[in-house]
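Me: Hey, can you walk me through this protein? I'm new to reading structures.

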Amino acid sequence: MARSLSMGCCGCCSALRPRYKRLVDNIFPVNPQDGLVKNNMEKLTFYALSSPEKLDRIGEYLFQRASRDIYRRRNGFVIIAMEAMDQLLVACHAQNLNLFVESFLRMVQKLLESTEPKLQVLATQSFVRFANIEEDTPSYHRRYDFFISKFSSMCHSNHNEPELRDKIRLAGIKGLQGVVRKTVSDDLIENIWEAVHMDKIVPSLLFNMQNLRSMRGQKGVAAKGEGGRGIGGTRGKGMRMDEEDADDEVDEEEEEEVEERSDPPTLAETCLRELVKRASFGHIRSVLRPVLRHLDHHELWVPNLFAVHTFKIIMISIQAQYSYTVIETLMAHLDDNSKSSPKIRTSIADVLSKIISIAAGESVGPSVLEIINSLLTHLRQSVMREVPSRVAEESNAGEDESPEEGEEVGVDERLYQEALINALGEFANHLPDYQKIEIMMFIMSKVPHTGAEQARPHHHHRHHHRRGYSGPGDALLQNILLKSLLKVGTKYCTVHFNTTFPLSFLEPLLRMSLAPDPTVRLLVQQILHTLVDRHHNLDKLLKPTINVADLDLTLEKCSRPDIIFARKHGPAMHSSLHESLEQPGNTAENVEAVYTTVALLCTELACEDTVADFLRLLISIQDTALTNASLSTVHKYYLHSIVMSLFVLVAHAVPIPPIMEYAHKVATSREEKAPQLLPPLLDSYSVVMVDEVESSSSSDTKSGPLTISPDLLLDQTQLAEHLLGAGFDPARLHQAPSYSGLPRHSWVDSSAAMAAAAATGIRSSSSMGADLNSLSADADSTASSPGILRKHPGEEMTFEAIKKVLSDSWEKEREGEEEERCRQLCHTFRNADFDELVSRTQTKQNDALHNKLNEIFGRLSSAVGHPDNYMGRSPAPQLITASSSPFLGRLHQRRSSGGQMALHNNSNSPPPAYEILFPELFVY
């Protein structure tokens, strides 16, 4: 009786409860092991769909029951409640879903706060399902601070059981991935890119990626990720990575499979890739700062395997147009670590060199030069830090012991410089050719020049470059920057010389080829080798040889643009190469480098139009070996050897039968009588020629002029005869080379000389091959042409006179006179006033052009008076009529009317502008 009464009472009370509570209660079984009651769950779901306004109450009631069960440690009922909330969340899509979500998130938070790992993993899985649902309307008041903090702490789990620890870490990473997916797509929701959130998310991912298992397939995993870049999966234009062998069809299905079977390091890598991929331009630095901070705090730069791995993931995942931002941020971090140890800076620079090629393809405009300038700045700073250690090494060179610490710092700094140079080369390698030329010009502008080099306006002024440096770091900085230039040059492919060698780049490069440091001169020659060699003949021409036919050189016909380049810049290049061979500090390596440069120029530019220029260069080098007393005997042997090698090469490149026979004849004579005048270049020579006046077997002693049998030398007269016999004009072979040390004459002096020549009846010769005496006549006609120097012979130009000039050493006198003339000229133009300069540059009675203009305008004005009386000239007769020349007739009428008015207004008017002879300095 009592039992039936109690049951009736309970039934009566349950009937009074709200329907949603009864439906919720019915989904829970008596035994939690039986699981969720599916039939009752379907009823609850139908009720929620038909009455969406009850969703919030259903969620609240489920939360209360789950909280009570958590407190009572009835985890089975907690799992059932969480499963019911998951099904309701997936099934119901209504405007009131936001109210249910609040209860759902409170439920998840409650489970995450528990100490049971199983409940934490369950809550994370529910949150991930929620993150994948797209809501119709955003919730502005919803915050995820707790979830970010909790998931981050789960990523750092240190549970004793490895398997359970990995599960917790995986759950934490998946939770962070869900937070990112839920918040990053909507700007109205909480900003996930704030530093307070990124400082928790990014280090948590990196902490899991540090596991050595993440490095086991570094190349393979990176290749999969590098298949797609940016949100749209686009690949950078200039990117050529190792992942090209991997399949390009890495789609979302494969990524999902990776997530299902992945361990914490792999999943963390996937999450980081997704995070970077979703970052916009304004948010990418928010991801990079925690990465750099994590690497600093955990000392992961040395070794830098993990750093390289991380930044490769970032570079292949970031949107292509933002890739250079990573480079800028890493460069800024290198600035911040400028006072760190060289090993750390070297590791950062090495990371930069590994990833900079990816950003090169997307860098345009100023960003390219900004990156290059930053790299050069770091190089310059490193050189300045290395200078004290270099000075210490030099000061301790004579001592038995040297400080090991200073040597170690110097070695580390050099490794740092090499890393920066490699980064520069990798960056330039993925740029278009026109940008590579700009980079080379930019680097060349940063190379320091001594005061003497800067003051030298033209390459004809010689030997000023032999003065000392202004500081101990200049030579070292020149060396480093030229290495950088060489690195960029190796990535460039030359097509046209006029494009590769603009004047603003060629001039300073040739000037640096005359630097006092032999190492710098060698680097310049190596740069020229890289840029000149278009047909890959460099490896075949590294050593001088007379067996040119065995080299199998690739020769092509010289194009018209190449011929124009040779005529325009050939004299300057030949001048620098000739002067570089005269440097007393040259080693065999320096001489071989110059030989290679001339040989490459010959294979690229030698043709019928330029063969005389190359032969003239060889004659000049041979004269230097014969007459320059400051060179050692071994150095002279070097010059004779490369002259013979180059002569055979010229005869091979431009096949002229008489020249080829002459080359074979001279080479045979040297093999029989003087093998030391042939390659290879040796450190010392013990064999002495029979025809030498002075013998020397030491490589360090100076010697006077060598007297060598004429049949062992190149005879300019025979070369001219052979060229003339082959149908070539030998005039250019006899012209004084532009690199002979003579200054270029002023156009004022040239015009005066022309007038004097015309007055004395001397005519310019159109051909100089018929008679040697015609050289003196042709000098005046070419005096005003750029690059062609005029010579005033003191006597008749006979064969004996030329032979005397070649045998006598007159360069020292010429140098002294030239230096004194330059010094006086500079002093005059700096201190004199304008009138004095005018008077100094005026020609008395020899300016033919000026007199001719006065004569023409005097004839035009003769009919209207005598306006030229103040110049002391008599009026010219009337010679111009309208019938003879309509244009001059109209000009004569205007001048006549103007002249009559001028006589009435002012009889003492100043001379016209055309009658004023301005100094040459102001004309140019």
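Reply: Here is a chat about its helices, core and loops.

Me: What should I know before starting?

Reply: This is a predicted model, where local features need pLDDT of at least 70, side-chain atom pairs count only at pLDDT 80 or more, and totals for chains, interfaces and linings use all residues. Residues are numbered from 1 along each chain as its sequence is written, and side-chain values use heavy atoms, with hydrogens and water left out.

Me: Ok, how many helices and strands are in the protein chain?

Reply: The protein chain has 40 helices and zero strands. Both are DSSP runs numbered from the N terminus: helices are H or I with at least four residues, strands are E with at least two.

Me: And what share of the residues counts as buried?

Reply: Of the 924 residues in the protein chain, 50% are buried. Buried means under 20% relative accessible area, exposed is over 50%, and partly exposed is in between, using a 1.4 Å probe and protein chains only.

Me: Which residues have the most contacts inside the largest nonpolar core?

Reply: Those are Phe311, Leu482, Phe501 and Phe647, in a core of 221 residues. Helix α29 (residues 633–653) gives the most to this core, with 14 residues. A nonpolar core is a set of buried Ala, Val, Leu, Ile, Met, Phe, Trp, Tyr and Cys residues joined through side-chain atoms within 4.5 Å.

Me: What does Phe647 touch?

Reply: Leaving out residues up to four places away in sequence, Phe647 touches Leu615, Leu618, Ile659, Tyr662, Ala663, Leu714 and Leu719. A contact means heavy atoms within 4.5 Å.

Me: Ile659 and Tyr662, where do those two sit and what do they meet?

Reply: Both are in α30, and together with Pro658 they meet Gln718, Leu719, His722 and Leu723 in α31.

Me: At what angle do α30 and α31 cross?

Reply: The axes of α30 (residues 657–673) and α31 (residues 716–725) come within 8 Å and cross at roughly 150°. That makes α30 roughly antiparallel to α31. Axes are lines fitted to C-alpha atoms, for helices over the stretch in contact, with angles from 0 to 180 degrees between N-to-C directions. Under 35 degrees counts as roughly parallel, over 145 as roughly antiparallel, 65 to 115 as roughly perpendicular, and the rest as oblique.

Me: New topic: where are the cis peptide bonds joining Val302 to Pro303 and Pro679 to Pro680?

Reply: Pro303 is in the loop between α14 (284–297) and α15 (305–317), and its cis bond with Val302 has an omega of about -5°. Pro680 is in the loop between α30 and α31, with omega about 5° for the cis bond from Pro679.

Me: What's the phi of Glu299?

Reply: Glu299 has a positive phi of about 50°, although it is not a glycine. Glu299 lies in the loop between α14 and α15.

Me: Is Glu299 buried or exposed?

Reply: Glu299 counts as exposed, because its relative accessibility is 67%.

Me: And Ile318, buried or exposed?

Reply: Ile318 is buried, with a relative accessible area of 0%. Ile318 lies in the loop between α15 and α16 (323–336). Ile318 and Ala279 are 39 residues apart in sequence and 7.4 Å apart in space, C-alpha to C-alpha.
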